Amino acid sequence: MSLDRTDVDKIAHLARLQIEEQDAPEYAQNLSNILDLVDQMQAVDTTDVLPMAHPLDAVQRLRSDNVTEDNQRELLQSVAPAVENGLFLVPKVIE
Amino acid sequence: MFDKTLAELAIGLKTGQFSSVELTQAYLARIKAEDDKYNSFITVTDELALEQAAKADATIAAGDAGTFTGLPIAHKDIFCTQGVRTSCASKMLDNFISPYNATIVDKFNQAGAVTLGKTNMDEFAMGSSNESSFYGPCSNPWNTDCVPGGSSGGSAAAVSAQLTPAATGSDTGGSIRQPAALCGITGLKPTYGRVSRYGMIAFASSLDQGGPMTKTAEDAAIMLNVMAGFDQRDSTSADRDVPDYTAELNKPLEGLRIGLPKEFFSGDINADIAAQTQAAIKEFEKLGATVKEVSLPNTALSIPAYYIIAPAEASSNLSRFDGVRYGYRCENPTDLEDLYKRSRGEGFGPEVKRRILVGAYALSEGFYDAYYNKAQQIRRLIRDDFSKVLSEVDVIMGPTTPHPAFKIGEKSSDPVAMYMEDVFTLSLNLAGLPGMSIPCGTVDGLPTGLQIIGDYFAEQKLLNVAHQFQLATDWHKQSPQGI
């Protein structure tokens, strides 16, 4: 499996990740090598094998719907890049 | 004093040979004097440590001390520590002062432990060499031109250089066991779910597991006694009783059944490492164990399966770093998309970006079945191989790594070559099984590790097996030259 520049740009956009122009060829090469490595999997017959998402096949634990956490908004927003009136500030989204 | 184990230091504290403040001051001074050589700490928490030590001394004086009261440790910088920078060795979190504690940090605090600082690691735990850290590579105390392994490289180097008696680590594909092997210390990756993941910055959530990195198996048992247990705040925490992990350390190994997977002794493996592993097995035979060859036929497939599953989960987990709520934000974003893309592009290093891209690709439309689903099917095949073997033997043994520590820079330009070093450790994370690495020899002056694998929740057995080996041999007592 070989990826080119366009593929890398597309994936980087999906991941909302800026890749510098000059680094793109190396990423394309690295990713192609990694995909070659993982392509070994395709030779294995996995018909009727259930995918395993959890090592112990555990299912999601449920709890009763009670409030268990205190409101710590100020503490948790103390590490935010930009906050005003308890809200996170980002560049204007709606004109 | 610096060569003492946690168990020995605990006796010294209880019998008044030294106070926790004295012990802590000695370690802090040693870190200050020596760590320039290794770069094993990202943050040293002097003030916090001395405050905790003074409190511990008061507890000891009042006669209320527990096993861990006053013992110094270091935390891998992946564990959120309230009021302390928790960077995960990334520029993304260089400015992140955690507003809360990871569960295991809370547990150590409650047990009276002293936190010396936060150790270096591969960025977001992605790496096997500690070279991807934003704070620079960490050196192996046995040869400072070599890597300490990774991702818990700082924890392993700090224990090996005797800058801390023990440290916490995390293991997603070998990140406790591999650096433990390369630095000549003892490391334990518990069963998936045994130690809470709450506040341990997520890499691949179905694989991540925290554990102890120590001088001896006995110390690992003492640490696991603090770390293990059910946590409501971790949705995959195992709701099972926690035994006293020190209780069975002294059980004789008479009749222990050891399985040696033939796949762990073939292929690209250093001949001396294979020989030393066999020599270690002979020791176990002397201790009354029986040995038989077994097969884990899908071992080689753990590399491709892991390098899909881990990046896929990472790309999902790391989407939280968006420059909005915490962490790095780029300068002067033009719009929201620019804010996301540049904050992430500038905040993450190359290996993290590679894994996010691989993961995003594997999960993208049209590729899910060929990659993620296929990898999860292979994961089950790997798990079933282990289950079959573990119904016939008590423990599985083999080398922890195929080679000893490599030179800094040697593999950093070739991600695939680096990934191959994880061949013996990855499969345990995929299966969720517990595993240990203990020192079992040296090759060209560099330590090598023996991996011991057990059934689910058989940590007590692993610790017993490792402890008996350490009673019979001296490999774990060897230190790097000059230390």
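What covers the buried residues of helix 1 of chain B?

Modeller: Please bear in mind that this is a predicted model. The cover over the buried residues of helix 1 of chain B includes helix 2 (20-34), helix 3 (46-61), strand 6 (209-214) and helix 7 (217-227), which also belong to chain B. Helix 1 itself spans residues 6-14, and its buried residues are Leu6(B), Leu9(B), Ala10(B) and Leu13(B). Viewed down the helix axis, these buried residues fall within an arc of 105 degrees, so they line one face of helix 1 of chain B. Just after this helix, Gly16(B) adopts a positive phi of about 75 degrees.

The setting of the helix may be described next. The domain assignment divides chain B into domain 1 (6-254) and domain 2 (301-374). The centres of these two domains, taken over C-alpha atoms, are separated by 28 Å. Between them, 21 residues of domain 1 are in contact with 17 residues of domain 2. On the domain 1 side, the touching residues comprise 10 nonpolar, 8 polar and 3 charged.

The largest nonpolar core holds 161 residues, of which Ala305(B), Ile308(B) and Leu357(B) touch the most other members. Helix 9 (residues 302-317) of chain B supplies the largest share of this core, with 9 residues. Domain 1 and domain 2 of chain B each contribute at least three residues to the core. Leu357(B) also reaches chain A, where the residues that it touches include Ile11(A), Ala12(A), Ala15(A), Tyr27(A) and Leu31(A).

Conventions
Residues are numbered from 1 along each chain as its sequence is written. Chains are lettered from A and ligands numbered from 1 in the order in which they are written. This is a predicted model: local features need pLDDT of at least 70, side-chain atom pairs count only at pLDDT 80 or more; totals for chains, interfaces and linings use all residues. A nonpolar core is a set of buried Ala, Val, Leu, Ile, Met, Phe, Trp, Tyr and Cys residues joined through C-beta atoms within 7 Å. A residue is buried if 20 or more other C-beta atoms lie within 10 Å of its own, exposed if 12 or fewer, and partly exposed in between; C-beta atoms are placed from the backbone. Helices (H or I, at least four residues) and strands (E, at least two) are DSSP runs, numbered from the N terminus. Domain bounds come from an automatic or database domain assignment. Two residues are in contact if their C-beta atoms, placed from the backbone, lie within 7 Å. The arc is that of the directions from the helix axis to the C-beta atoms. Ala, Val, Leu, Ile, Met, Phe, Trp, Tyr, Cys and Pro count as nonpolar, Asp, Glu, Lys and Arg as charged, and the others, Gly among them, as polar. Lists of a residue's contacts leave out its neighbours within four places in sequence.
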